Amino acid sequence: VSSKPSHALALAPVPTPPSTVDGFVKQFLENLNLERGVTLSTASPNDRYIALATTVRDFLVARWLEDIRRQKEAQAKGVCYLSAEYLLGRQLDNNLLATRLTDIATEALAACGIDIDELRALEVEPGLGNGGLGRLAACFIDSLATMSVPSIGYGIRYEYGIFRQTFVDGQQVEQPDAWLTLGSPWEFAHPEAAQTISFGGYTETFDEGGVTRSRWVPGWNVQAVPYNYMVSGYHNGRVNTLRLWRAVATDAFDLRIFNSGDYEKAVRAQTYAENISKVLYPEDSTPQGKELRLQQQYFFVAASIRDFLDHMLTPGFDLSKLPDRVIFQLNDTHPVIAVPEFMRVLVDEEHMEWDAAWEITQQCFAYTCHTLLPEALEVWSVELLGRLLPRHLEIIYRINDEFLAAVRERFGDDEMRIRNMSIIAESPERSVRMAYLATVAGAKVNGVAELHSQLLREKVLPDFDEFYPGKFTNVTNGVTPRRFLRLANPGLAGLITDALGAGWTVDLERLRGLESFAEDPEFRARFAEVKAANKRVLSDVLRARDGFEVSDGHMLDVMVKRLHEYKRQMLKVLHIVTSYERIVSGRVRAEDVQGRAFIFGAKAAPGYVMAKRIIHLINAVGEVVNNDPRVEGRLQVLFPPNYNVTLAERVIPAADLSEQISLAGKEASGTGNMKFALNGALTIGTDDGANVEIRELVGDDNFFLFGMTEPEVEELWTRGYKPAEFYQQDEDLRRAIDLIASGAFSNGDRTVFEPIVSNLLYDDRFMVLADYASYIRAQDRVDAAYADQDAWTKAAILNIARCGFFSSDRSIRDYIDRIWHTPPML
Ligand code: F58
């Protein structure tokens with residue numbers, strides 16, 4: 001049978017519709033007819049949105065197919081980014097921007113009598129991530145495409161993303177995020193390309209030419225179905241691939257059992273298998289040792305490795321050359337089970353010698369750590385790992401044995417050191433330390449900001465740093481200027497382009513050119529206008545979305561990020577309560593208070609009780625402060641529920657003040673901090689994560705620093721931290737805490753927030769009380785600075801001018817130079 005196409009047209013290049021209004025209209029109407037089976041007059045809003053998305057997609061497909069072909073043909077070294085999360089945000093605008101189709105699409109739809117904004121609003125963002133880590137992955141694939149780096153992103157196509165947050169009586173209630181319900185026009189499903197992924201069973205030994213080898217006899221399996229997403233580069237005609245895996249049962253269900261009437265039993269195996277990609281784990285910062293989570297992790301990395309080997313290599317590829325072809329970047333420990341899987345494939349399936357396979361593996365992986373919290377370093381019990389992936393456990397044991405033998409050779413039989421460095425922890429239960437495994441296997445290990453990388457080497461993995469000189473490096477995080485400046489802040493983007501020309505979107509260091517404009521009164525006035533306009537946009541959004549009224553002329557003081565004790569939303573609450581208490585106690589006159597709207601956005605992990613209490617408290621404080629006439633509207637607390645990428649794109653451009661107030665040494669980097677600074681908010685922040693680098697760049701005059709440094713935090717712990725002493729010694733603090741304890745924010749019920757109060761007074765792991773006084777003083781400096789609007793504006797412009805470093809393009813360049821060594825595609 002000949003596989004040659006019989007029709008000449010099949011050989012022609014894939015057509016791209018003409019980039020004209022007429023071309024767009026034609027394609028759009030055709031998609032309404034052919035994709036949706038409706039006409040313009042019968043189309044529902046969702047039909048229109050899907051047809052619009054499909055039309056934009058049509059403009060990308062030809063380039064995408066061409067890039068796939070070229071990447072394969074070139075056989076150049078590429079990056080496989082392995083991440084359990086991609087917090088993508090809406091796709092439509094980003095793809096319109098990348099393809100220069102925004103104006104054409106707007107006009108084309110208008111010609112069809114459709115307001116494109118109404119369709120924009122219908123897109124449900126894919127929330128396939130929890131927070132910073134997932135959003136970083138999304139920024140990175142944007143930069144990889146824009147910089148023409150041969151690469152592919154691999155992950156999981158969760159049927160339900162991060163939960164939708166609602167508030168009932170001020171308390172968080174989670175709703176499932178059914179983002180796929182109305183269709184998913186940005187993806188291409190390939191059920192025919194499904195792979196079988198195995199689990200369970202046992203291992204057995206067998207004889208091969210006199211050598212005893214081991215093999216895996218799995219107990220059950222699932223199908224991994226790939227879903228491809230196009231990742232468009234900005235104005236470079238490039239389109240990369242994001243491949244997300246969905247779990248589907250091998251056998252639909254047992255018809256025999258179904259016919260016998262036991263419907264539940266008949267579908268049980270199916271449900272079990274398909275649960276693997278059902279829902280994103282909503283915990284951030286602390287991994288939950290759940291079996292399903294390990295299943296998710298293995299599922300997606302096993303499918304991704306197989307996919308790479310089967311589809312990216314030319315037939316007969318010499319596997320010893322793999323390090324010249326690929327680097328698997330491990331986004332935190334979630335994909336680290338890829339290491340023993342890769343070894344298993346090379347040794348058991350490809351019949352490579354162990355030593356040769358290990359040599360290759362150590363060059364093909366690199367590991368990024370995103371945390372410093374010890375409780376966040378993922379471990380899997382040997383019992384669970386051995387049950388789910390018995391062969392992988394054997395492989396991990398052998399890697400560990402050989403590693404520890406090398407450690408012994410180097411440092412002697414220092415049992416303490418051996419125990420500390422072992423990939424296997426012995427207590428509280430035998431378990432596998434995934435960060436250690438990644439460090440041993442990875443060619444490089446990086447932290448995500450200078451301070452974080454330093455602490456990682458010195459505090460978390462010092463023995464490894466000593467054992468592997470040169471393995472540790474830093475790559476400071478970055479954010480994509482396309483989404484977070486160009487799209488989110490068109491007013492500012494226009495102003496920058498007027499001043500500097502258009503190149504800054506792909507060369508963010510050019511923002512330096514704004515320094516001289518900071519001195520120009522006319523430019524400052526225009527900047528202030530843009531900020532005011534952004535505030536009006538936000539105000540409209542919050543009114544429509546939540547019924548909030550943001551007062552005119554208020555400073556927008558914003559804290560948006562996951563709710564976690566280490567990020568210290570409580571410190572922000574204490575500042576608000578202090579400002580309020582100063583007014584109601586008569587110590588400060590309302591009319592003398594700088595008007596401020598405090599805006600929060602934060603989801604708490606559903607099982608994180610203290611975080612949920614803090615959400616409740618913020619809402620309760622808001623309820624009282626917003627309705628107390630003595631405040632005369634000077635203070636406003638606004639907490640829109642369900643903070644996500646879409647809302648971030650509205651909030652960040654409107655902000656005046658960015659709250660980055662984690663306890664020093666706890667926030668690995670932060671990326672929100674960068675987005676705010678790039679949009680001209682001034683930061684009030686501790687010496688933590690990337691705040692350190694932001695402050696170094698923007699200068700002390702343009703940053704409100706407060707709080708202890710990391711060494712000071714350590715010193716206070718060593719001296720013995722007693723939070724109650726700080727309470728006793730600071731009148732403002734005492735009054736604020738007493739007010740919360742009195743039931744003032746809980747209708748007189750003193751029990752509601754008692755756990756928060758006693759936690760602060762007697763435990764306070766994140767030293768909120770120790771940093772309180774310094775924070776309040778810094779906030780007083782903020783008020784004073786804000787009084788001089790022109791000086792504030794100048795500082796805001798300098799923040800923008802000096803933060804070009806925080807483009808994710810620069811991060812990717814650092815990864816290429818320090819870790820990947822992948823040349824760009826021509
Ligand atoms: C974040 N980690 C860091 N983890 O907290 C933040 O400082 C950093 O800027 C960011 O990564 C990017 O490097 C983070 O978001 C998670 O959400 C994980 C989700 C899965 C469970 C473990 C935490």
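**The sheet and its surroundings**

Tutor: Strand β20 (residues 555-560) pairs in the parallel sense with strand β23 (residues 657-660) over two bridges. Strands (E, at least two residues) and helices (H or I, at least four) are DSSP runs numbered from the N terminus, and two strands pair if DSSP finds at least two bridges between them. The model is predicted: local features need pLDDT of at least 70, side-chain atom pairs count only at pLDDT 80 or more, and totals for chains, interfaces and linings use all residues. Residues are numbered from 1 along each chain as its sequence is written.

Within β23, S658 is the bridge partner of V558. These strands belong to an open sheet of six with parallel pairing, in the order β22-β21-β20-β23-β24-β25. At the edges stand β22 (635-638) and β25 (704-705); each has a single partner strand, so one side of each is left without a neighbour in the sheet.

Two helices lie across this sheet. Helix α23 (residues 609-627) lies across β21 (596-601) and β22, at about 145 degrees to β22. Helix α24 (residues 645-654) lies across β20 and β21, at about 140 degrees to β20. Axes are lines fitted to C-alpha atoms, for helices over the stretch in contact, and angles run from 0 to 180 degrees between N-to-C directions. Contact means that C-beta atoms, placed from the backbone, lie within 7 Å.

Leaving aside neighbours within four places in sequence, V621 is in contact with V573, I576, V577, V637 and F745.
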